[in-house]
Amino acid sequence: MVISQQQDNSSLPSDRGTRRPHVVIIGGGFAGIAAVKALRHCEADVTVIDRRNHHIFQPLLYQVATAVLAPSDVAAPIRQLSARQKNVSVLLAEVIGIDLASRSVNVKYLGAGDKKITFDYLVVAAGVQPSYFGHNEFAKFAPCLKTITDAQIIRSKILSAYESAESTDDEDERRRLMTFVLVGAGPTGVELAASIAQMGAKTTLRSNFRRIDPATTSIVLLDGAKRVLPSFAESSSLKAAQRLAKLGVKVITSAMVEHVDDQGVTVGGKGIDSGTVLWTAGVSPSPIVKMLGVATDRAGRACVGPSLNVADSRGIFVVGDAATLMQDGRPLPGVAQVAIQQGRYVGGFIARELGGGKPPRPFRYFDKGNMAVIGKNFAIMESGRIKLAGIIPWFIWAFVHIMFLPQLQNQRRVQNQWFWSYFTGQRSSRLVDEAPRI
């Protein structure tokens, strides 16, 4: 084994000469999976640590929340990596500490105690968690959308709201139950609002009830910014707002949420009665970043070097949403393509260093564009100077998302379900989770 002279061997475990190098990757999201695949032909042992046993295709999670897709359609077991890649091991565990001095990670197994895992290289790809901007008390009343469990909770809340509205005789309560408020008008909020509109007011549920008319559903989308989809061009944002209005979604911008409870939200001193409030506003980095003890930006993301490395610590990398890197005077966005490219880069960097090759050029993100779908037959797409809106980018969006699903079976299931839903308007995963019996 030839090791690049740039590696500080004194910082590695003393038994380095008697074993293969050990690469530990924290997180089985887009960045972590990309790093694993880039290490496929590397003479090293790779360990992936995640507290979940599955990888989530995050861009389609809102369709699980609105009953278009089942949870298994957008998730794949991380352990499948071990079957496909012989140098990979997967640990279902939670990281509770990182010691850069001893180059070790402390993990807690489910019901099996703690363990220390040493590494030669560490890749932190832990992603983000929801942020309520200092108002964590909102979480009880306004679930976010980051995990499969979140999506199932939201799906149950939406469907239960209609069931409760059907059973009540109080018109004011019925109106409140059929009012849905979403806080945050980024891509997730816009896509989720449009999908709820088409499920309730436009298509799926219209003939399913006798005492209520789902067409009277009220959907309110709030954001503190001046327009929806602020990361897109203003022209694209305007088209998205027009499409939302056509679907019956009321958009309120420059609106700061002051209070959330079981009766609704308060904005600008005025209350909006709602039976279902959903939080699609902000995120913050995983707390694992703090365990590194490295410099962070104002949002808490690790500040990394041009090779996505941590300063003064060789072989330590942070990638994806947990890291911040400036490019062309702006921080890179927290989107899947950035995470995938960064994970692939770091995996290739480690493989090249262990193989005795020269390190690659500093990381540079290639922007393939942004997309957001707003209901059936309408999406917006931006790629360089190209800006499209309508059915053509909608078909492009559908094709790209099917191709990037983690497994062939996911691709086939999603494709079939989309065809069925497109032509019938029906959604096959309209399940309300039962509360456990005591």
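How do the residues of the lining of the second largest pocket divide into nonpolar, polar and charged? I opened the notebook with that one, keeping in mind that this is a predicted model.

**Entry 1: the pocket**

I counted the lining of the second largest pocket by residue class and got 14 nonpolar, ten polar and two charged residues. The lining has 26 residues, and I noted a volume of about 660 Å³ for this pocket. Next I looked for the residues nearest the pocket centre and found Lys376, Trp394, Trp418, Ser421 and Tyr422. I then checked which helices supply at least two residues each to the lining, and wrote down H2 (61–65), H6 (187–202), H10 (391–403) and H11 (408–424).

**Entry 2: helix H1**

I moved on to H1, which spans residues 30–38. Is this helix largely enclosed, or is it open? Seven of its nine residues are buried, so I put H1 down as largely enclosed by the rest of the structure. My list of the buried ones reads Phe30, Ala31, Gly32, Ile33, Ala34, Ala35 and Val36.

What do these buried residues of H1 pack against? On the strand side, I have S1 (22–26), S2 (45–50), S3 (54–56) and S5 (88–99). On the helix side, I have H3 (80–84) and H9 (336–354).

**Entry 3: cysteines**

How many disulfides does the structure hold? I found zero. I also looked up two cysteines by name. Cys42 has a relative accessible area of 8%, so it is buried, the cut-off being under 20%. Cys144 comes out at 10% relative accessibility and counts as buried too.

Note on methods:
Residues numbered from 1 in each chain as written. Predicted model: local features only at pLDDT ≥ 70, side-chain atom pairs only at ≥ 80, totals over all residues. Heavy atoms only, no water. 1 Å grid on protein atoms, 1.4 Å probe; cavity = no way out; pocket = protein on both sides within 12 Å on 5 of 7 lines; lining within 4 Å. Points joined across faces, edges and corners; volume = space filled by probe spheres on them. Helix = DSSP H or I, 4+ residues; strand = E, 2+ residues; numbered from the N terminus. Nonpolar A, V, L, I, M, F, W, Y, C, P; charged D, E, K, R; others polar. Buried < 20%, exposed > 50% of the residue type's maximum accessible area, 1.4 Å probe, protein only. Contact = heavy atoms within 4.5 Å. Disulfide = S-S within 2.5 Å.
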